[in-house]
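This briefing sets out the fold and the aromatic contacts of a single protein chain. It is intended to be read alongside the sequence and the coordinates.

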Amino acid sequence: MKLLLASLVLVAASSFLSAADDAIVKNGDFKSKRFKYWKLHASPSYKSKYKYKVSKRQISFENLKGEYAHYLSLSQYVDLKPDTNYTLSFEVKGDLNPTKSAVVGVGRPYYAQPKQDVKPYFHLMFRRFDILPEWKTISYDFKTVYKTDNSEVTKRNFDTVAESKKWAAYSSDPGVAPTYLYFGFGQCLGDFEMRDVKIVEKN
């Protein structure tokens, strides 16, 4: 009986890990406190000041200060299929002074510049959303619009070795595009929390 129970526990754990691995947004529930997939960036030139912590399956920012939404960001790479409909959703709340909005978008990383300006840059153009005192679920539907190989991209500048390695991985598998999920918070002054970030394919 004990052996059977142990086997069931192992199967359940294996299924849970498999589902987590299959998620488009990795650690979107912030269950892990490690920032293996997420990248948090604050531009030194704008002197954004922040304190954050990951606990209780959410990321929390304290005493946030900034000057423009694109200079304090939370982002990660996501793998999306071409010509496919998706829904991005997340929950957010905050105590901001005054009440401010943030931005979210899904598209090419900043260093992946299309060869021609007419080429689409975003799957989901930047959308502005309000951060209010109560938890609020926000969602956007979008469809992938640009090719998912790297033939359209000419500019390849990297801030970090990790980004360079990531691009190399994509280059070896041209069926996958380098795509960014990007949140910009620089206009948010005060405290706020976010949780349950997901991108799911629509049926």
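Are Phe30 and Trp38 buried or exposed? Both residues, Phe30 and Trp38, are buried. The model is a predicted one, and its chain of 203 residues has 40% of them counted as buried. The secondary structure consists of 2 helices and 12 strands.

**Overall architecture**

- Along the sequence, the elements follow the pattern α-β-β-β-β-β-β-β-β-β-β-α-β-β.
- Among the contacts in the chain with a separation of 6 or more, 76% are made by residues 24 or more positions apart.
- The chain has an accessible surface of about 11800 Å², and carbon and sulfur atoms contribute 52% of that area.

**The five-stranded sheet**

- Strands in the order S1-S4-S11-S6-S8 form an open sheet of 5 strands with antiparallel pairing.
- Strand S1 (39–42) and strand S8 (122–130) are the edge strands, each of which pairs on one side only.
- From one strand to the next, the twist averages 15 degrees.
- Strands of a sheet pair through backbone hydrogen bonds, in either a parallel or an antiparallel manner.
- Strand S6 (residues 101–107) runs antiparallel to strand S11 (residues 179–184), and 5 bridges join the two.
- Val106 has Leu181 in S11 as its bridge partner.

- Phe185 is located in the loop between S11 and strand S12 (190–201).
- With a relative accessible area of 1%, Phe185 falls under the 20% cut-off and is therefore buried.
- Phe185 and Ala102 are 83 residues apart along the chain, yet their C-alpha atoms are separated by 5.1 Å.

**Aromatic pairs and cluster**

- A pair of aromatic rings is described by the distance of the centres and the angle of the planes.
- The whole structure contains 13 aromatic pairs.
- One of these is the stacked pair of Phe30 and Trp38, with 5.5 Å centre to centre and 15 degrees between the planes.
- Phe61 and Phe192 form another stacked pair, with 4.9 Å centre to centre and 20 degrees between the planes.
- Because Phe61 lies in strand S3 (residues 58–65) and Phe192 in strand S12, this pair ties together parts that are 131 residues apart in sequence.
- Phe61 and Phe192 are both buried.
- One aromatic cluster is formed by Tyr52, Phe61, Phe90, Phe129, Phe183, Phe185 and Phe192.

**A charge over a ring**

- The charged end of Arg195 sits over the ring of Trp135, at 3.7 Å from the ring centre.

Technical notes:
Residues are numbered from 1 along each chain as its sequence is written. This is a predicted model: local features need pLDDT of at least 70, side-chain atom pairs count only at pLDDT 80 or more; totals for chains, interfaces and linings use all residues. Side-chain values use heavy atoms; hydrogens and water are left out. Two strands pair if DSSP finds at least two bridges between them. Helices (H or I, at least four residues) and strands (E, at least two) are DSSP runs, numbered from the N terminus. Axes are lines fitted to C-alpha atoms, for helices over the stretch in contact, and angles run from 0 to 180 degrees between N-to-C directions. Buried means under 20% relative accessible area, exposed over 50%, partly exposed in between (1.4 Å probe, protein chains only). Contact means heavy atoms within 4.5 Å. Accessible areas come from the Shrake-Rupley method with a 1.4 Å probe; for residues, only the protein chains shown count as cover. Rings of Phe, Tyr and Trp (its six-membered ring) pair if their centres lie within 6.5 Å; planes under 30 degrees apart count as stacked, over 60 as edge-to-face and the rest as tilted. A charge sits over a ring if NZ of Lys or CZ of Arg is within 6 Å of the ring centre and within 35 degrees of the ring normal.
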